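Visitor: Hi! I'm new to this one and would like a quick tour. Could you put it up for me?

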Amino acid sequence: MSVFVFAGTSEGRALLKFLSVRGVCATAFVATEYGEQALEPMPGVTVRAGRLSQPEMERVLAVGAVCIDATHPYASEVSRLLEAACANTGAEYLRLVRPALTRQGADTVPDTESAVRWLNDHPGRVLLTTGSKELAAYTAVKGFAERIYPRVLPTAAVIEACVALGFPPAHLIAMQGPFSRELNAALLRQVGAEILVTKDTGRAGGFAEKLNAARDAGARVLVVSRPREEAGRTLSEMRDYLTARLGLAKALPEAPRFPLFVSLAGRLCVIFGAGKIAARRASVLRRFGAEVRVIAPESPAGLALYAARGYEPGDLTGAFLAVAATSDRAVNARVAADCRAAGVPCSVADRAGESTFFFPAICEGNGLVAGVVSDGAHHEKTALMAKRIRAVLEETDEND
């Protein structure tokens with residue numbers, strides 16, 4: 001059975017990885033070279049870059065094929081063409097959706113044209129984070145060259161297009177995300193923006209970080225609504241559906257964990273939670289030279305907190321590894337999922353199956369370091385074996 005994934009989003013990349021590790025051959029379609037570069041090479045996945053018309057889509061699709069639309073929530077025209085192409089060819093159309101978030105305290109408009117009218121009625125500098133695709137429309141804002149600071153991708157073609165539209169180079173913020181709450185707030189303050197214009201890009205698109213940053217910086221938020229209310233499946237639901245539809249194994253056989261020893265010197269390790277487990281993890285990581293950040297609403301174990309609040313996806317920016325050790329199962333699961341999407345190794349204290357690395361029992365002595373892990377189901381055996389290894393290392397010290 002042919003499987004086609006129209007990707008370009010973090011959810012699309014995560015779904016392709018899910019298919020690849022299960023031996024499913026799939027063709028991934030991305031609109032740009034930038035989207036192609038964002039896709040890591042995966043066994044069984046063929047990548048095609050370039051925008052397709054509906055006739056071109058129909059030439060690719062076939063009866064009985066499974067076609068997954070994992071394009072951006074605002075790419076409504078692509079979704080419309082793809083759905084029509086599937087209807088004409090007999091391919092099964094599946095929509096992978098990104099759940100919307102609440103917009104408390106934000107002003108909302110239905111489209112870009114309405115955003116322009118709103119800005120003409122509300123003075124002040126603007127940090128525009130809607131991308132470069134609709135940037136031409138914002139030249140209709142009175143005094144746009146002085147008022148608007150667009151944040152766009154750092155490619156030569158995009159920057160040249162911005163300058164050609166009349167945006168001063170000094171107003172262009174050419175950066176690639178993800179953007180943390182702190183960085184968004186810093187940019188708002190740096191340009192003196194009183195208004196943040198954004199789209200509801202969902203949790204994976206950093207929408208929550210923008211809203212929180214605007215609150216921190218005292219800026220007003222204008223949200224351009226999604227083109228339509230979407231029906232479809234979330235990433236988790238799509239995985240479950242494809243598991244049944246393609247006859248995939250519900251769970252992959254667990255391979256033994258490879259004991260990789262790496263230097264943590266100066267590397268950022270983020271711990272979510274501040275209880276006893278988090279305290280032990282923080283102590284070990286610091287002992288091995290890591291820069292440790294602990295994020296939690298409060299610290300019952302007395303850990304010094306980097307931030308006294310709950311988890312935000314931007315907290316993973318620049319992280320070498322993460323530890324999810326909160327007392328909230330839903331938060332730990334969210335940290336694990338965001339780490340998988342961002343490619344950050346994560347140890348999940350309350351569910352081994354969600355971990356991408358196991359935090360070992362550390363045994364040191366006589367210049368030697370050993371780590372002991374189990375399959376996640378034999379904690380007592382791990383503790384006992386670690387105790388025996390430590391005793392051996394201590395004996396070695398005494399006999400030197």
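Visitor: Thanks! Where does Asn-366 lie?

Guide: Asn-366 sits in the loop between β16 (361-365) and β17 (368-372). Helices (H or I, at least four residues) and strands (E, at least two) are DSSP runs, numbered from the N terminus. Please keep in mind that this is a predicted model, where local features need pLDDT of at least 70, side-chain atom pairs count only at pLDDT 80 or more, and totals for chains, interfaces and linings use all residues. Residues are numbered from 1 along each chain as its sequence is written, and side-chain values use heavy atoms, with hydrogens and water left out.

Visitor: What is the phi of Asn-366?

Guide: Asn-366 has a positive phi of about 55°, although it is not a glycine.

Visitor: And why does Asn-366 count as partly exposed?

Guide: Because its relative accessibility is 35%. Buried means under 20% relative accessible area, exposed over 50%, and partly exposed in between (1.4 Å probe, protein chains only).

Visitor: Okay, zooming out. How many helices and strands are there in the protein chain?

Guide: The protein chain has 13 helices and 17 strands. Its C-alpha atoms fill a box of roughly 80 × 55 × 35 Å, taken along the principal axes. Of the 400 residues in the protein chain, 44% are buried.

Visitor: Which strands form the open sheet of six?

Guide: The order is β6-β11-β10-β7-β8-β9, with parallel pairing. The edge strands are β6 (107-109) and β9 (173-174), each pairing on one side only. Two strands pair if DSSP finds at least two bridges between them.

Visitor: How many bridges join β7 to β10?

Guide: Three bridges join β7 (residues 126-128) to β10 (residues 195-199). Leu-128 stands opposite Val-197 in β10.

Visitor: What actually holds strands of a sheet together as pairs?

Guide: Strands of a sheet pair through backbone hydrogen bonds, either parallel or antiparallel.

Visitor: Let's move to β14. Which way do its residues point?

Guide: In β14 (residues 321-324), Leu-321 and Val-323 point one way, while Ala-322 and Ala-324 point the other way. All of them are buried.

Visitor: What does β14 pair with?

Guide: Strand β12 (residues 268-272) runs parallel to β14, and four bridges join them. There, Ile-271 has Val-323 as its bridge partner. β14 also pairs in the parallel sense with β15 (residues 346-348), over three bridges. In that pair, the bridge partner of Ala-322 is Cys-346.

Visitor: Which unit do β14, α12 and β15 make?

Guide: They make a right-handed β-α-β unit. A crossover is right-handed if, with the strands pointing away from the viewer, the path from the first strand over the helix to the second runs clockwise.

Visitor: Is Asn-332 buried or exposed?

Guide: Asn-332 is buried, because its relative accessibility is 0%. The residue belongs to helix α12 (residues 329-342). Leaving aside neighbours within four places in sequence, Asn-332 is in contact (heavy atoms within 4.5 Å) with residues including Ala-324, Val-348 and Asp-350.

Visitor: New topic: where is Pro-227 found?

Guide: Pro-227 is in the loop between β11 (220-224) and α10 (235-245). With a relative accessible area of 42%, Pro-227 is partly exposed.

Visitor: What is Pro-227 in contact with?

Guide: Leaving aside neighbours within four places in sequence, Pro-227 is in contact with Pro-73, Tyr-74 and Ser-76. Pro-227 and Tyr-74 are 153 residues apart along the chain, and their C-alpha atoms are separated by 6.1 Å.
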